[in-house]
Amino acid sequence: MPAPPPDAQTQLAELISVEPCGTDGVLLRLRPEAPVTQDGAPLAPNRFFMLRREDGLSPAIPRPFSIYREVPTEGDGPADLVFLVKVIGPGTRALAESAPGTFLRLIGPLGLGWPDLTTPGDPWVFLAGGIGSAPFFMAVESLTRAGDAAEEAGTEPPAAPYLLYGAATAGLVYDVEEFAELDCSLHVATDDGSLGFRGNVLQLLDRLIADGLVPERLRIAACGPLPMLRAAQTWAAARDLECWASLEELMGCGVGICNGCVVETVPGSELGSWPNVKACVEGPAFRCDTVVL
Amino acid sequence: MVDLSVDLAGLRLRNPLLSASGTFGHGLEMGGFVAPEALGAWVSKTVTLEPRHGNPAPRIAETEAGFLNSIGLENRGVEHYEREVLPTLVGADTLIVTNIGGKQLEDFAAMAERLGERPEIHAFEVNLSCPNVQGAKLQYSTDPDLAERTIASVRTKTSKPIFAKLSPNVARIGEIAKAVEAGGADGITAVNTLLGMSVDWRSRRPGLALVQGGYSGTGIKPVALRCAWECARSVSIPIIGCGGIATADDVLEFLVAGCTAVQVGTASFSDPGLLAGLPAQLEALLESAGIPRLSDLIGTIRDGREAASPSASPKPATQVARS
């Protein structure tokens, strides 16, 4: 009986700023009234929030967005939350056109986030497709933090991750300068060659492995358009590698109640006891051998 | 201090607010957003005899002033409900209404027989009106005879109040209301979703995998209000209004139209904590209107003609020029 996450809250958050990002994106910076984690702990990467305007300009159903970044504020207040939003339809347009000072409905944190990325094992290769890069910023940060903690404790740090960031064209490689500042090996690919490697992220991955820049044994976490996720699933299955995909399903409630965001499960797999899982409370990331993409 | 309590078919509700089936879980899953004691009663998502896997995706689609769903009564079945859900309701400081559904007439009675005297359950809502099963034929809520027989079959299996949840997809809902009253219903929930669909003309694809679904949200409020009003005029059992209710004003409108209580559904998707704030908003509205008891508003709708209203000042009839 999937239920809303125990730490999920519904509250208002003040929109602090809206900055354009790439050709069709915005960075929404929100200041929640109450902290979204306890004792100032960072949010787990790839948890998400439902966002909606309450002045009648948003559609009825809020929209799910992965947490992109947390930015500490001066004083004792909770950290600001930053969302990377691609303007696609009326819901995202209403958010992007909100004026600073607007209060938005903020429901979360929701979902399980990525699996624990700091477990011992092969290095992570993050495959980001366009706006699918959003849940990777804090994923890289979490590995950096774990590495620092391991160094301090004198234990083995997790391997630094690789981030392969692809998009159709340069304008859809959102906030790439900020990603470049992170402690990871960043490689960019565009379909039209306008930035970085010409091709998609899996072609880029093949090239990097062939050139010895990425090891053959690796773990994949992918977020992006469905064809990219399917390609990653196939690529990893052929090599018997662990692969996770974070899904962008339509969600009605985001809290496990409406049964709208179902994803078909693979019979006999870990999730196969019921024919579907709910992307909101059981995901949004799933191991690729457990779901039908 | 305003008295929000209402008497619903012999149940004392601390306020007229119920969650609408399918929007608030099977048990108290939403308790982190809305305290159990904030509501008059919690209504479960439909439980069926056998587990149901639900309909293919996409199951939801957004549309004007609300959204469409085609979930297909996905649930783990009554055995799971008894084993996993009912124990979590023991001692809950609220009333529990279990919504039951079925494929065939016998299923409803079998559900009532199985759950009929469970102490955790205070009342049953019989889902006669889900548009997302049996090809949207809605036979239980469009055929008065079948509706009456279904309720009568449930009636023989439980001593607890039974609410019949009706469909707005009929021309004369009052006839269905009379039928379920004759069958032994103690109340009527009016209404379930309207049949609807959406289509993307560019891709030629419908928004829902099964094309048709149930439309809910603020867009259906006028339809739901009229249905509830017609039911209230047609029967002597209480009416629970449902459809597009999102504010305290909406709640009071349904009460004036003849409802004893209301359910809030899709609005909880916009804000899962919305219901928690409504009791205080109801109090504030009634206080400012000088109405000490909410139940005094029930069914107080007046004649629509201004001149017939005792408090309205009569106006001369307006001349309408026709050309």
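Start by selecting Phe108(B): this residue is buried, with a relative accessible area of 0%. Keep in mind as you go that you are looking at a predicted model.

**Other aromatic pairs**

How many aromatic pairs does a search of the whole structure find? Over all chains, there are eleven. For one of them, move to chain A and show Phe49(A) with Phe83(A): their ring centres are 5.6 Å apart and the planes stand at 80 degrees, so this is an edge-to-face pair. Colour by secondary structure and you will see that the pair links distant parts of the chain, with Phe49(A) in strand E3 (residues 48-53) of chain A and Phe83(A) in strand E6 (residues 80-86) of chain A, 34 residues apart. Both Phe49(A) and Phe83(A) are buried.

Then return to your opening selection in chain B. The rings of Phe108(B) and Tyr140(B) are edge-to-face too, because their planes are at 65 degrees, with centres 5.1 Å apart. This pair again joins distant parts of its chain: Phe108(B) belongs to helix H2 (residues 105-115) of chain B and Tyr140(B) to helix H3 (residues 139-142) of chain B, 32 residues apart.

For a group of rings, select Tyr68(A), Phe137(A), Tyr165(A) and Phe179(A), which together form one aromatic cluster.

**Charges over rings**

Next, pick Trp235(A) and Arg239(A). The charged end of Arg239(A) sits over the ring of Trp235(A), 4.0 Å from the ring centre.

**Where the chains meet**

Now show chain A and chain B together. Here 30 residues of chain B are in contact with 29 residues of chain A. The area buried between the two chains is about 2,500 Å², and carbon and sulfur atoms give 67% of that.

Finish by highlighting strand E5 (60-63), strand E6 (66-69), helix H1 (77-85) and helix H8 (267-270) of chain B: each supplies at least two residues to the side of chain B that touches chain A.

Methods
Residues are numbered from 1 along each chain as its sequence is written. Chains are lettered from A and ligands numbered from 1 in the order in which they are written. This is a predicted model: local features need pLDDT of at least 70, side-chain atom pairs count only at pLDDT 80 or more; totals for chains, interfaces and linings use all residues. Side-chain values use heavy atoms; hydrogens and water are left out. Rings of Phe, Tyr and Trp (its six-membered ring) pair if their centres lie within 6.5 Å; planes under 30 degrees apart count as stacked, over 60 as edge-to-face and the rest as tilted. Helices (H or I, at least four residues) and strands (E, at least two) are DSSP runs, numbered from the N terminus. Buried means under 20% relative accessible area, exposed over 50%, partly exposed in between (1.4 Å probe, protein chains only). A charge sits over a ring if NZ of Lys or CZ of Arg is within 6 Å of the ring centre and within 35 degrees of the ring normal. Contact means heavy atoms within 4.5 Å. Buried area is the accessible area (1.4 Å probe) that two parts lose on being put together, summed over both.
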